Each structure stands twice: as C-alpha cells, then as structure tokens.
Amino acid sequence: MRKEGRAISGWRPALRIAWREARRHRGRTALVAVLVVLPVFVGAFLDVTFRTADPPAAESVRRIIGTADAYLEVAYCPRVDGIYYEGRLPYPSNGCDVERTTSVDLTTLLPPGSTGIQNARHTAQARLAHGEQSLRMSLLELEMTSPLADGLLRLRSGRSVQAVNEVVLTTEAAQALGAVPGDRLTSSRFRPVTLVGTVVEPGCLTCEAAYGLPGWTGRSGKEPDPAARATGAFLVDLPEGTDPFVLQRDLLDDGVVLTPRAEMLDPPPSPHRSGLEGGGIAILALVVGFGLIEVCLLAGTAFAVGARRQVRDLGLVAAAGGEARHIRRIVLAQGVVTGVVGSVAALPLVVAVVVLARPWLERVNGALMGPLDVRPLEVLPLVGVGVLAGLAAALVPAFTTARLPVLDALNRRFRATSLAARWPRIGVALFVLGGGLAALGSWLWLRSNQGYRDRLEQLASQSAEAAEGTVAGFGGANIPPPPDAQYIAMLLFSFAIAALGLALLAPTLVATIARAARRLPLSARMGLRDAGRHRHRTGPAVAAIMGAVAGSVAVAFYTLGDSDFSRRSYTPATPHGWVQVAVDGNVELTAPALPEIQRIAAQTLPAQEVVPTQIVMAQPAPAERGRVENLFPVWPGQTTGSCPHDATKSGSSVGVGDPQTVRLMFGDRAGEASQALAAGKAIGTDCSVVGNDQVAVWHEGMLTDAARATGSIEQHLIPAVLIETPAYWTFPRILLPPQALDRLGFTTVPAQTLVATSRTPTKSKERAFSDALADAYPDADVWVGVERGYRSDNALVLAVLTGACAFVTLVGTAIAVALANAEGRSDQATLLAVGAEPRRRRFLAMAQAGTVGLLGVGLGTVLGAIVAISMLGADLERPVLIPWPTLAAVMIGIPALGVLIAGIFTRSRLPMVRRIE
C-alpha cells in the first residue's frame, strides 16, 4: 500500500482497517468489546470499590478515637501481658483467672495535665416512642461537646447534643420512628428528651441507637471525670513531651492498655498468619486463569461472527496481493482495537459506576466508604489484560480466515476442514492424565487427613486414660493441622489438564455426533452436520459452556455434601417446636417474669408447660463476694467414661435436679432420676461424662496459673448414674443433686425459660408472642426462638449458580447459532430457492443450539463431577452425594431453554444475501 508515494507496511494499515471496521459496525464491535473487557471491568470495579471502601489510615483512626492522642482501655484483668490488633483496634492479648475487683484511678496513672472522655458507652437497650411509633434501640452516652469526639459520629441533619435532655438518633432509628429534629421522644424508663439531630456511625450504617450526654438516661447529676472511672474505654489527650510508648509499657502492669495514635496508624503485624498461602495463591491464579479462558472462548466465537461477515473484504485484500500474514494482522488488529476501545471505555465507566452506586455500596458494606481511591498502577495494567484478551479472542479467527482460499473468500464459501488426528489423541491423553492426577491428589490428601484424625484420637485416648479424676488437656499439646496447600495446588492443576483435554476433544465429539445423526429428522440432521463441518466455531462454544457448567456442578455436589454433614452435625436446642425465651438475662427480672411469660404463652402459643431452667455457678471466694458477675460457670469435666469424649452432642452446661427439670428431661424415667438425686447422686445424660460411676465438674475459678503450667486441674468428683436422654443443647449434660450445692460451694442462677408446645408455632404466633413480651417489658431485652429443626441455606446458592450457568450456556449457544447463520447464509438461500419452507431456518437454528448446549452441558457435568468427587473424596466428613435436581435443571432444562430461545429469536425469512446486478 502507498500513501503520497510512501509505502505503508507492518501493523499500521491493519490497525487503520480495524479502526474503520469498528466504526462501520459499531453494534458488533460493542458486543465483542463487552465480552472481551468483562474481566477488565470486573477487576477494575473490585479494585476501586475495595480501595474506596477501605478508608485511609488517618480516617480509620479518626473513626475510632476522634482527635485524641491515644486510645485507653481498662481491662478486666489486673495485669495485661501485651496487645494484639484486629484491624486497627487494640485488645489485651492475655486473659486472667480472677477479674479485677479494685478500682483504677486513671488520674494517678496518667501524666499530669492529661484530659480525656469515655468512649461511647452502651448503657442499655430500651424502647423510645414517638407518637404511635416505638422502637427498641441501644442507648449510648458520649461527651459529644468535647473536641476529642470529633469524627466518631457524622451529623446528617439538625445539630449535635448540647444539654442532658437532648439526644440524637442514628438515621435508621429516626426513619423507623418517623421522627425529625425538634420532636419529643418518650420512654417508660426516663424523662422525655428532645431529638435535636440525626447522625450515622461511620462503621455501622444499620445501627439503631440514641446518643446523649453522660447522664441523659436519668441518673442524677453529671458524671464524674471519666478519667477517674475503673473500667471502660477512653479517648485521652496527653501533655506535650510525653512519650506514649514508654507510658504504654508502664500501664500494662496495672491492666491498662494505652495505644498511641501513631501505633494505630501503623499497627504491628498480627501474630496470626494472614494473607494468601500457597494453596490460596494457586486457587486465585487458576480461578483468574479459567475466567480469562472462559471469556476468550466466548469472545472468540463472537469475534468469529464478525470475521466471517467481512470475509469478502479480506478476500479482496488477498486478491490485491495481500499475503496470509496480512490477513492475520488485519483480524488480530481488530482484536487489539476492540480490547483497547473496550478497556479505555471501561475505566471511566467503572469510576462512574462506583460514584453513582456509592450509597448502595455503603449500605451493602454497612459502613461509610472513604474518598474515591483510583490507583493507576493497579488499574492501568488491566488495560493490558483487555488488549491481550482481545488479541486472544481474535487469534483463532485470524488463522482460520487466513487459510481460506481467495475464491472461497470472495464467494463467502466456507469449506469443511479436517481435524488433525493428533489433537483428539492429545485430548484423550490429557483428560486421562488429569483424572489420574486428581485421583492421586485426592488419595494423598485423604491419607493426610486420616493420619491427622488418628493422631487426635490417640491423644484424646491417652488424655482420658491419664486423667483418673483430673482434667488433662488444658494448655496441653495442640497438634496443628497438616498443610494442605500442596494438595489443593495438585488438584487444581489436574483439573486444568482435564479441562484442556476435554476442550481439545470437543470438536471431535461434535464431528462424531454429526456422523451418527443419520436417523434424525431433516432439520436436526442438517444442523448436526453443519456443526460437525464447522467445528472450528462449535468447539470453542462447547468448551466455554463446559467450563461454566463444570463449576456449577462441582459446587452443587459440594453444597449437597455440606448440607448432609450440617444436618448430621446439627443438634437441636430443644425438642421440635418448643420455644426458648430469654428476658434480659437479668436475675432480678427473670424470676418474677415467669408468671407473665406463662400468661402470654397461654394466650398466643399452643403451650403445654412453661419451665424455667437454671444453671449451676460457683460462688466466689469470700473476699470477692458481693457481685453476681464474679460467679464462675461450672462445666462438665473429663473422666474415663465408657465412650469417647464428646461422642454425643448434648449441652455443655451443668444444671440442678429440681422436679420440673427432671420431669422435662426424663419423661417416663423421671422416677428413676428422682431416686438417684434423692440418694445424693448426680445424673449424667450421656456416656462421655460418666466413668467409674462418677462425674467430674470444674469451674473457671479453678484455672490458676499453676494449673495452666501443669496442663491439668483438680476437679470435683461426685457419685453418679447414667440416664441417657436425646441430645439438646439447652438441656444440661449433668444434673447435680440440690443438697450437694452448698457442700460444693455452688449456687444456681436462672437461665432461659422453655415453653413446651403441642405443635410447632407458626411464624405469626411466634411474632405475636415476641411482641406481647416486648410490650410487657418495654425496657428489657426480649429474645424468642423456636426450634424448627435444621434449615439448609444452600438453596439460594444453588439457584444463583444455576442461573449463572444458564446465562453462560445461553450466551455461548446464541453466539454459536449466530455464527452458524452468518456462515450458512448461502446454503440457507439455496434451501429456500429449491422449495424449503421458511421455518426450516428456525429449525436448523434450534438443532444447532441443542447440539452446542447438550454437548457443552454433558462435558461440563463430567468435568464438574470429577472436580467434586476429587475434593469430597479427601473430606472425612462430607459424603459424595449426587444433586439430582440440579443436574436435571442443568442437563435438561438449560439446553431446552437454549433451543427454545433460538427458535423464538431466529427469523424464518432470510435477509438478502446479495443484490442481483
């Protein structure tokens, strides 16, 4: 080619032709660009969204400590050994055996001149009312007039609180109440308050809460200096010249954790391993790789449509002296142009989508996002990915078109090509190799998991034999699970090889099916033979559908096995249909609430009996008496029982054998249980806690430093009998005789109340019962739960996966049918010329759609089953079960839908092929 006497060579003319074709056929270019740059758009959207959702360090710290110099927390332990971080929030690293009982005067621990406020303090859950509307919400106190609190809340309307009789509500709470600034809010708990504004908590947009100054809930007078309180979290300003890190080390001995602002801005790494290990990197790499291959297969078949439609123009280039390499460059240049145009258009579109969808993204995230964060070094390489995807999509059409003879190109005639015999053989070899490697990897992984479980069982058996009245294992040996990254990488590599083998086999299978179509009706026979002749376009579409179906089928296998495992592992809280009630968990409220609960249950539920449950607690040492919080929970201990430890799934609490509990738990055997309790014997409800006619119990107060060092603790041994009951989490594992409590230093506290029902209450009855309790106790925290058995939440996952699988299958089928129609216009014109009915074209499209859909779905099901069986075969808990409903929907429903859509959207009348001159 020449321009003004100068030769134009290389890629320049190819790119000019590609740009001209893109402008002439904008619709086709846009369709291919969408498919090509789909991974670019998704990757850029995720990158910008996650970067924007993660605010800068300064903004994150401002949301936690406002403008303070440090975050200070008085731990419940009198001494703290260190600090660990979750995100940017510090926590004490070690617990303690005895809680703090003395006050801490922070004014003596902090340097003179320090000032501070208490962080937002949750005081209660209470119901606030506005007119006819009422809502239970959290009540919090915060010195919002202090500059240190700037940033903890974001004002949305009105103004901030300035007096003790004023509050602000979160936007969620204000919308639920229908209240606006200036309205009066009432409660049965404290005097009316005025709503002066609405706010949002930057880290919790869905929280329903009311904020006021300290003392706004009705306590007399203003709170004392927050820096003098004994417990809680504080925001502290330190005087000039103070070294916060030296102060941090000094305060740990007093059980006070001080975290400087500088440390929160750049916290030390967590001691726990985080990030992607080898297996995670392998998974991510292969998932990204499979995604790009999937897109390239679909985009490649779509790109072939355009290449075939402009084949006459390419034939003219060849007739004018162009070589095969020039044809390849023109087609490849179109892939480059499409990738560049799509990627360049995708980046500003991503930014616009993130900006416009910001409110929705914040609702999904549950927190305010930071400023828009677009990082060129992360986003711009995605343009290269888009260009490479477009180039890969145009690769096969480029070489196929370049091999087309000039006369065939000029006449738009496409001859059937023979497939080299080596490719099917390579495909079979790769498929067998991948399947064998998958079986080997699954077996090796299974051996590793079995060995780990055998070591744990051996350790548990040795601990039980060595126990003999003491508990072994507290602080004892802890065998870490074996690494599994190598097995995951091996399996994923084998799956990739098997998938590649099936992709190479797909064209041969299409041709084989076409040869076996002699007995089919005319339209089906012609459609299959056309697919076999043009397997260069049918094969990639089949491979693309195969990849999508394989993933969906594999996940369907796993979710079914996981549901079975969860169902077998599920332990109901109570007998089916019974109701659990917890009113505030407060001793003073729960006991008097029983008659009211009984009355409400009789009115709203099919109730038979209302039984309050009690759990056993250890009384504190005499010097620590006076506070209920100092009671220590009592737990079942370990003995040399007649069955493996934790063989059953009953509850882990220790109860007292009062008559109501005995009748509730043992039914017909209540008399036997009462006799044992009267004789001073405890009752074990499963074999794992009874050994040598004894049960062992211990409480948390026994966990001394010496016991931790030796790995065992002394226990209370009590004569016992075994009376097994069904496993329910709410029922205690051990019942102690009431007369033994004082001797052991134990007492009881009320727990949940159980309502035995004659049948399972409906959702409306459950709601009526809960609402009636909330109305009876407007300032209490009421919780109601109905035991309805195991409910799987995998139905939505399977539905989404089936929908995604259907989408990819329909897209691949539609592209294959469109390409067949583009290539076969001349043949279809000939059919119509010799008298074929117009609907024959629609029947041909339906036959081609059925061929592509059924073959792709069939291969995908085989590959997905291999993936699932290999993964589940190494799992000791989840069985391999066949998800027949999902397979039926995928193997029958989706191809049938593709055939139906092809029949509906294919025109019977053929568009004009060429004009008669």
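In what sense do strand E19 (residues 632–636) and strand E22 (residues 694–699) pair, and over how many bridges? The two strands run antiparallel and share three bridges; strands count as paired if DSSP finds at least two bridges between them. Tryptophan 635 stands opposite tryptophan 698 in E22. Helices (H or I, at least four residues) and strands (E, at least two) are DSSP runs, numbered from the N terminus.

A word on the ground rules. This is a predicted model, where local features need pLDDT of at least 70, side-chain atom pairs count only at pLDDT 80 or more, and totals for chains, interfaces and linings use all residues. Residues are numbered from 1 along each chain as its sequence is written, and side-chain values use heavy atoms, with hydrogens and water left out.

**The sheet and its helices**

E19 and E22 belong to an open sheet of ten strands with mixed pairing, in the order E20-E25-E21-E24-E22-E19-E18-E26-E17-E27. At its edges are strand E20 (654–656) and strand E27 (782–786), each pairing on one side only. From one strand to the next, the twist averages 35 degrees. Helix H20 (residues 659–666) packs on the sheet and touches strand E18 (607–618), E20, strand E21 (682–684), strand E25 (734–736) and strand E26 (746–757); contact means heavy atoms within 4.5 Å. The direction of H20 makes about 115 degrees with that of E18. Helix H24 (residues 763–776) lies across E17 and E27 and runs at about 160 degrees to E27. Axes here are lines fitted to C-alpha atoms, for helices over the stretch in contact, and angles run from 0 to 180 degrees between N-to-C directions.

**Alanine 573**

Alanine 573 sits in the loop between helix H18 (535–569) and strand E17 (579–583). Why does alanine 573 count as buried? Its relative accessible area is 15%, and buried means under 20%, exposed over 50%, and partly exposed in between (1.4 Å probe, protein chains only). Leaving aside residues up to four places away in sequence, alanine 573 touches Gln580, Tyr728, Trp729, Thr730, Phe731 and Glu787. The C-alpha atoms of alanine 573 and glutamate 787 are 6.6 Å apart, although 214 residues separate the two along the chain.

**Two helices side by side**

The axes of H3 and helix H11 (residues 324–356) come within 9 Å and cross at roughly 35 degrees. Residues making this contact include Phe41 and Phe45 of H3 and Leu347 and Val350 of H11. Eleven of the contact residues are nonpolar, two are polar and none is charged (Ala, Val, Leu, Ile, Met, Phe, Trp, Tyr, Cys and Pro count as nonpolar, Asp, Glu, Lys and Arg as charged, and the others, Gly among them, as polar).

**Salt bridges**

The model has 17 salt bridges, each a side-chain nitrogen of Lys or Arg within 4 Å of a carboxyl oxygen of Asp or Glu. Here are some of them.

| Pair | Closest N and O atoms |
|---|---|
| Glutamate 378 and arginine 51 | 2.6 Å |
| Arginine 63 and glutamate 59 | 3.1 Å |
| Arginine 62 and aspartate 150 | 3.6 Å |

Arginine 62 lies in helix H4 and aspartate 150 in the loop between strand E8 (133–141) and strand E9 (154–158), so this pair ties together parts that are 88 residues apart in sequence. Arginine 63 and glutamate 59 are four residues apart in helix H4 (residues 57–65), which means that about one helical turn separates them. Both arginine 63 and glutamate 59 are buried, whereas arginine 62 is partly exposed at 26% relative accessible area. Glu59, Arg62, Arg63, Asp150 and Arg154 are linked in a network of salt bridges.
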